[in-house]
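Biologist: I've got a protein model open and would like to talk it through. Can you take my questions one at a time?

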Amino acid sequence: MVESLRKFFRDFISGRLGLPITFWLYGVLIALTLDFLTSKATTLWQVVLIVTITLVHLVLIVVAVWNASKLYLGSRYWKWLARLVVIINVFKWLWHLPLLASTLSSALGFPIYSDKYWLMGIKNNTYVCERPEYFDTPERLAKRKNCGMKVDPKGELIGVRCHKGLYVYTYNKETCLKYLNRIKPRDNVSN
């Protein structure tokens with residue numbers, strides 16, 4: 001049993017299973033299955049686990065498809081198209097890497113904070129200014145929750161209105177504290 005799995009893995013990685021099987025069955029079908037599972041994940045740990053499996057799959061499928069395309073005897077068009085799809089997928093994952101790193105870091109209890117924004121909020125009945133986590137910046141929040149985003153005429157405040165409330169951001173701590181001082185007495189504003 002173990003030897004047959006090793007043989008399958010060697011054949012898979014070396015491209016000897018053929019380009020159509022490697023690309024469509026082990027590449028596309030498994031990737032779609034992993035995407036579906038990711039969309040159904042309900043906890044952060046499920047997402048982290050599925051994304052980890054997906055990254056391992058990506059590395060293996062890149063090598064396998066590339067090697068299978070070298071051995072492919074059919075049309076050069078299919079050989080290069082398979083390679084192009086693999087390259088596009090690698091760039092797609094590289095594009096999403098900062099968000100993936102932030103999600104994994106938060107899941108492990110070490111959130112990455114934005115260095116561009118300050119978020120006005122309430123903690124323990126006290127108004128506070130704090131840096132939002134990387135995936136809670138105005139642009140990412142608006143996109144993730146399908147919310148509206150608007151910048152005030154002075155360019156100091158960024159509002160993100162979602163169905164569950166309004167999130168107000170500033171570009172620096174001083175502006176955040178200035179606006180908090182306008183809406184609440186000084187003794188209830190903290191850094």
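Modeller: Residues are numbered from 1 along each chain as its sequence is written, and side-chain values use heavy atoms, with hydrogens and water left out.

Biologist: Which element has the lowest mean pLDDT?

Modeller: pLDDT is the predictor's confidence in each residue, from 0 to 100, and the protein's mean is 86. Elements here are DSSP runs numbered from the N terminus: helices (H or I, at least four residues) and strands (E, at least two). Where pLDDT is low, the predicted coordinates should not be read in detail. Helix α1 has the highest mean, 93, while the lowest, 51, belongs to strand β6 (residues 189-190).

Biologist: Which residue forms a salt bridge with Arg 6?

Modeller: A salt bridge is a side-chain nitrogen of Lys or Arg within 4 Å of a carboxyl oxygen of Asp or Glu. An α-helix has 3.6 residues a turn, so residues three or four places apart point the same way. The closest N and O atoms are 3.9 Å apart, and the partner is Glu 3.

Biologist: Which residue meets Glu 156 in a salt bridge?

Modeller: The N to O distance of that pair is 3.2 Å, and the partner is Lys 178. Glu 156 sits in the loop between β3 (148-151) and β4 (157-162) and its partner in helix α6 (residues 173-183), so the pair ties together parts 22 residues apart in sequence, the α6 residue being Lys 178.

Biologist: Is Ser 69 buried or exposed?

Modeller: Ser 69 is found in helix α3. Leaving aside neighbours within four places in sequence, Ser 69 is in contact (heavy atoms within 4.5 Å) with Leu 19, Lys 79 and Arg 83. Buried means under 20% relative accessible area, exposed over 50%, partly exposed in between (1.4 Å probe, protein chains only). With a relative accessible area of 0%, Ser 69 is buried.

How values were computed
This is a predicted model: local features need pLDDT of at least 70, side-chain atom pairs count only at pLDDT 80 or more; totals for chains, interfaces and linings use all residues.
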